[in-house]
Amino acid sequence: MPEAPWEQRRGIDAVLTEWLGRGTVKPCLTAEHDIPAQAATEAPLPNGLHPAITPALAARGIRSLYAHQAAAIEATLAGRHVVIATPTASGKTLCFHLPVLQALAEDPSATSIFVYPTKALSRDQEHSLHTLLAEAKLELPAMVYDGDTPGDARRATRERSRILLTNPDMLHAGILQNHAKWAPLFQGLRYVVLDELHTYRGVFGSHMAHVIARLRRVAAFHGARPRFITATATIGNPREHAARLLGIDPGAIVLVDRSGAPQSRRRVFLYNPPVVNAELGVRASSLKAAVRLAGDLVEARVPTIVFGPSRNSVEVMLKYLRERVGHVAGPEAIMGYRGGYLPDQRRRIERGLREGKILGVVATNALELGIDIGDLDAVVCAGYPGTVAGTWQRFGRAGRRGATSIALLVCSSDAMDQYIANNPGFLLGAAAEEARIDPGNVEILLQHLKCATFEAPFAVTAPGAHPARPEPACGEEYLGLDVQATRDALEYLAASGLVHATGSSYHWAGEAFPANHVSLRNIGWDNFVIIDVDTDLTIAELDWRASHTMLHVQAIYQHDAEQFQVERLDYENHKAFVRKVKPDYFTTALTYRTVEVIDPAGDGLVGRAPIGHGDIKVVEKVTGYKKIKFFTHENAGYGEVNLPEMQMHTTGFWLTLREAEVLRLPFPRATVVDGLRGFSIALETVATIALMCDPRDIGRTLGDGGSADDEPHSELRPRTTAPPGSQAGLPAAAPAVASPPGRDPLAGRTGGFDPTIFLFDAHPGGVGLAPRIFERAADLFGRAIDLIERCPCPAGCPACVGPGDASTTAAPAPGTARPHSRKAVALAVARSIAE
C-alpha cells in the first residue's frame, strides 16, 4: 500500500532506505560497514561490597557487572594500579566509582581525587556521582574544585571534601602549590582517578606527567601512596602510555581491555562529496553535505550529533541546519556546543541533551569526551577528526540504548580525508594510534622542577669525595632522572638563583608560586571576554590564540547561529566589543607563517637532497580576512588585520632542493617551487600516516633553507594544506578564487636560493615527531612518490599534491600526468632528487 502524501518517514530505517535508493547519496558512498550487535559478558558483583552499595546498584537494575568492570574492580581492590581501555559507553565510570566508594565507606579518613581533562566533564561526573551517593545513602562529600568554584565554596571544599573532582590546570596551579591547606585530603589519599587518559598526549600529556609526579611527591610528603585508576578510549598503547604518564613500571599496571558490555548494531558509512571541478579535483563542501545528511536524520526524528572541525565551522553548520530543519521541532531543539560558550549555557545544553529535549546538536570535539548527552542514534562527522581512535570515539557517542545507530564520515577535500575515502580500510580495519608524550623535554622538565621544589624541598646528597671509595649521589629522584641527574638539574636552577642549597637539601628561593607561570595547554591564562555593546553583557569567551583569528576588528563572530561584528578589540585588557548584526557573509582569517632554523641537531642526504632536523622558530601572524557568503560560499572580499605576531619554538625536519637542481630541471623557477610545494603535501600526508599521528600535530611550509614563508591560509578548518588560491579547508561549492593581494615570496624570486620543505612539530618544544621523520626520511620520500604515482588524477588533486593546473584541457593517457601540471612537476622534482 503506497504511503499517504501527508505521512512522514521516521526512524533510521526510513533514512537508510532513502539514502541507499537516492541517486545523489548512494554514488558518493565509498564504504559501507555493518558492525553487528554484541551480547554482554557478565560477572557477579564482588564479594564484600559495603551494605549500602549493593541496594543502590539493585535500584538501578544492576545485579551483575560486565566482565571488564569486574576485572578492573577486583584489581583495584587488590591494591593494583589499573588502566581500563574499552570503547565509549562501555561502563568505565562504574569501574572507579565502586572501589572508591567502598574504600571511603570503610575508612572514614580515606579520600580520593578524580581528575578530568575539562571542567565540563568534571561537572557532568559530579552529577553522576552525587546520584549514586544519594541512592546508596552515603554521606561522603564530593565536590568540584575548578575555576568556576566560588570563594566560599572553595573553603568548604578544602575543609570537608572527601572526593575531590578537578581538572589538570587547577590541580597544577591551585592545589599542589597550596597543599598545606589540603592536608586532610592528601593525608588520607587512597585513590587517584584519571579519566579520558587518551587526551593526555603531546605537549599537554608531557606536562601532565609532571603534574602527576608532583602529585605523588606531595602525597608522599603527607604520608600517602595512592593507587591510580585510569580509563581511556581505545588507543594502541594503553599500558605503556599509562606507565609513562604515571612514572611507574608498566608491569605494575593491570590492563583491562576486553569489553564485556553489550554493543548495538552500528552502520558505518564513508561519504565523499561529488567533484564540482574535475580539472582541479575540488569536491563539494563537506560542511554543506554534512548538514544535508544530518537534516535528513533530524527530519526523521533521529537524535543526531554533528561534529565540526572548528568553532567557526560549527556555527556555520548550526545556522544552516536550523534553517533547513528548524521547523521540525523548533530552533531550541537544534543547538551548538563548543569552546567559548559560557558555563551556564553549556550546562543548559547538556541538560537538554540528557532529557531528550534537543534533537540535534552541532559540536566541536568538546563533546567527544564522556559527557553524558543522553541517547543519540546518529553521528555525522564533517571531516576526518585526525586520528582513527578519535573517529571511533566520536562514532561511539551514538547507539547507547541498544537500537541500531548510524556513524557517517563526510570527507573533506583535505589530503588525509581523500586518502581515507580511497582507502577505507585505513579507518575500518587499522589499529588505533599510540598516544605519545615526552616528559623528558628539557623546557617542560625545568618548569615543573621549579614547581616541585616550591612545593617541598628536595633531599639529595652530593657524591662522596673520598678518592679511594667514591660514593654516588643519594636521595630523591625526579621523574625520569636518576639521583645524580636530579642533583645536576637542581644545581642548574641554583646557579640561576631560583634554588638555594642547604646541606643536603634544595629549597625554593625564587619568586612565589612558579606554577602561575606554567601553562599546561600552551595558551595564555587569560581568555578574551566578548561583550555585547548593546546590552553590556558578556556573551562568551575565547582563548588567546583563537582571539587572533576570530576577534580581530571587523570579524564576524558567530555565537549560537547569530552574528556579531567586532567593533573594537582591547588587546591589552583581553576584551572584544561586538554588536549584533545580520550580514549575508561570515569571515575567516588568513594567517602567514615564517620558519627560521635555530639549532640544527643532525643532517644527512636523501638522494641528492640534503636533509636535517633541529630546533626552529615558527612565527605566525594574522594578516587579513576573507568575507565568505553564506550558503554559496562565494568570496565577497578581503580586509586587513593588524595584530601582534605569535611565536613558537619547536623542532622541525627539512629537505632542501639545491639551486643547481632547480636550474637543471626543464621548468621555470616558479613552476619548480610550486611542484616542490605539491610534493610537500604528499610528504606530509605519508608522514602523518606512517607516524600514526593527528594531521594537526605536523606543520608544513616551504622556504629557502634558513627561513620559510608559508602561503596564506584560512582558519575555517583548524589548519589547511591548501596552496595559494585553492579552496582546501573551505567549503568548495564555488569555483576556486584568487588569493588575496600579494605575491608568493618564493616563486617570484630571481636571485639564487635553495627551496626547502619544512615539516615541524605543531606543539611548542616539540613532541619527537621531527626526529622520527628524519630517521625515516628515505622511506617516507619513496612513499610520497608512490602516493602521487598511484593517484588517478591527471594534474593534481587534494588527495596527492593539491589542486592541479586547469589550464591544460587535453586529457592525458590514463595513469599519466599532464606535462606541466603540478603533479607532473612534483614527480619530476622528486625523481630528480632520487637519481
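View 1. At 32% relative accessibility, arginine 579 counts as partly exposed, a class between buried (under 20% relative accessible area) and exposed (over 50%), using a 1.4 Å probe and protein chains only. This is a predicted model, in which local features need pLDDT of at least 70, side-chain atom pairs count only at pLDDT 80 or more, and totals for chains, interfaces and linings use all residues. Residues are numbered from 1 along each chain as its sequence is written, and side-chain values use heavy atoms, with hydrogens and water left out. Arginine 579 forms a salt bridge with aspartate 534, their closest N and O atoms being 2.5 Å apart; the term asks for a side-chain nitrogen of Lys or Arg within 4 Å of a carboxyl oxygen of Asp or Glu. Aspartate 534 is partly exposed too, at 48%.

**View 2. Aspartate 34 meets arginine 265.** Here the N to O distance of the salt bridge is 2.5 Å. Aspartate 34 has a relative accessible area of 36%, and arginine 265 has 33% relative accessibility. Salt bridges that share partners join Asp34, Arg265 and Arg267 into one network.

**View 3. Lysine 119 pairs with aspartate 148.** The closest N and O atoms of this salt bridge are 3.4 Å apart. Both residues are partly exposed, lysine 119 at 26% and aspartate 148 at 28%.

**View 4. Serine 405 and its surroundings.** Serine 405 counts as buried, at 1% relative accessibility. Leaving out residues up to four places away in sequence, serine 405 touches (heavy atoms within 4.5 Å) Ile12, Arg265, Arg266, Arg267, Asp377, Ala398 and Gly399.
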